[in-house]
Amino acid sequence: MDVRLQYGGSVVERILEKDDLESMLIGVGILGTGGGGDPEFFGKPLVEWDLEKGREYRIVDPNAVRDDAFTVSGGYAGSVKAYVSIGEMLQRWEKRFELAEAFRIMQSIHDRKIDYVVPFELGGVNTPVILSLAARAEVVTIDGDGLGRAAPETQMSSFFGHGVSLTPMPFVDMEGNVIIVKHATKSTYPDEIMRAALVLNGGIGANNHYPMTGKQLKDSVVPNTISLSIEIGYVVSDAVESKRDPIDALISASKGIELFRGTVITMRAGDVRAHYLANAEIEGLEEYAGKEMEIVFKNEAMMGRIDGEVVTVFPDLLCIVDPETARGLMTTNIQAGTKVAVVGLPAHKRLRECLKTETGQEAFGPARFGYPEVKYEPIETLVKRVLD
């Protein structure tokens with residue numbers, strides 16, 4: 001049953017049912033561009049756990065939020081595999097939920113009740129954990145996020161690029177250590193401090209950040225991305241069930257561009273300062289035979305080149321999916337021999353606007369993933385130049 005609350009003839013608030021959430025997990029697994037957390041390993045058990053506990057996941061259209069409402073973002077960093085098992089993690093979270101602790105610290109800092117939470121990114125961890133936080137704290141989740149995809153660093157966000165302060169940022173690790181970055185003069189400093197803490201801890205932690213008014217939210221959020229994830233999940237599942245090409249269905253639903261199909265021939269990867277850095281080389285199949293694609297990862301897919309020519313640069317999306325099901329592939333699960341389809345999507349205009357400023361270029365230009373010589377150009381421009 002799809003439960004919706006209406007105002008002025010339009011849907012403003014929605015209670016997500018089990019079918020919606022199953023589709024959402026497929027959608028965020030695709031749009032997460034290889035990161036944001038594994039929806040099968042993590043997201044599905046959390047959603048099922050919360051539904052069994054009677055928790056409701058509610059989302060609201062950002063345009064329905066009052067201008068003076070108080071909203072924060074947040075999520076997890078590190079690896080949930082630091083826990084012995086997902087079952088252990090879920091049981092521990094009933095007693096100590098690091099994300100809720102960071103939420104309470106943020107309320108204390110501002111001496112004000114938080115009205116809404118909004119995911120930092122789309123992903124199999126960082127979307128459902130915010131929905132879970134909202135259900136536990138009895139607030140509502142904004143139908144949107146800061147990216148419309150996943151990203152490896154906290155300042156890589158439309159919120160930051162539109163003038164919302166990343167700080168104060170409370171961070172709570174799984175051992176109970178607390179760090180609060182009160183202020184930062186450099187955009188990357190809060191994330192660097194958090195990564196240093198993760199290396200010391202060897203595990204995971206949760207943060208709250210981007211405290212903002214409802215007006216700031218509406219001016220900066222990438223809107224309705226949870227709803228989009230649900231729609232994409234439904235469309236892809238329906239295509240598989242009806243034996244249609246799910247890649248075509250994904251492209252139609254997302255307004256994406258098919259870039260490549262092939263087999264991974266090498267995947268060079270390693271952990272550096274709590275980031276998973278990797279390069280994949282993919283040998284073309286079918287109509288792409290004789291071509292080669294390289295994808296650069298920093299947790300997520302950040303840049304793609306075909307026969308040495310750049311075709312996609314962050315924040316535009318490189319969605320690497322299973323060609324048979326269109327399910328998103330996690331970066332850490334990609335290895336030599338994996339067959340992939342690669343679909344490119346334009347980033348939301350709000351995210352692209354950030355790269356027009358010096359602050360935005362410092363915060364998430366190509367230098368942040370090791371390619372200072374590369375200049376961002378829209379995927380539409382690059383594909384027309386390289387593939388036409």
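Colleague: Is R352 buried or exposed?

Modeller: Keep in mind that this is a predicted model. R352 has a relative accessibility of 17%, and it counts as buried because that is under 20%.

Colleague: Which residue does R352 meet in a salt bridge?

Modeller: D316, with N to O at 3.1 Å. D316 is buried too, at a relative accessible area of 1%.

Colleague: Where do R352 and D316 lie?

Modeller: R352 is in helix α11 (residues 349-354), while D316 sits in the loop between β16 (309-313) and β17 (317-321). The pair therefore ties together parts that are 36 residues apart in sequence.

Colleague: Nice. How many salt bridges does the structure hold?

Modeller: It has 25 salt bridges. One of them joins the side chains of E56 and R58, 3.0 Å from N to O. Here E56 is partly exposed at 43% relative accessible area, and R58 is partly exposed at 23%.

Colleague: Changing topic: what is the volume of the second largest pocket?

Modeller: About 320 Å³. It is lined by 17 residues, and the closest to its centre are L228, S254, L345, P346 and H348.

Colleague: Which element gives the largest share of that lining?

Modeller: That would be α9, with three residues.

Colleague: And what is the lining of this second largest pocket like by class?

Modeller: There are 10 nonpolar residues, five polar ones and two charged ones.

Conventions
Residues numbered from 1 in each chain as written. Predicted model: local features only at pLDDT ≥ 70, side-chain atom pairs only at ≥ 80, totals over all residues. Heavy atoms only, no water. 1 Å grid on protein atoms, 1.4 Å probe; cavity = no way out; pocket = protein on both sides within 12 Å on 5 of 7 lines; lining within 4 Å. Points joined across faces, edges and corners; volume = space filled by probe spheres on them. Helix = DSSP H or I, 4+ residues; strand = E, 2+ residues; numbered from the N terminus. Nonpolar A, V, L, I, M, F, W, Y, C, P; charged D, E, K, R; others polar. Salt bridge = Lys/Arg side-chain N within 4 Å of Asp/Glu carboxyl O. Buried < 20%, exposed > 50% of the residue type's maximum accessible area, 1.4 Å probe, protein only.
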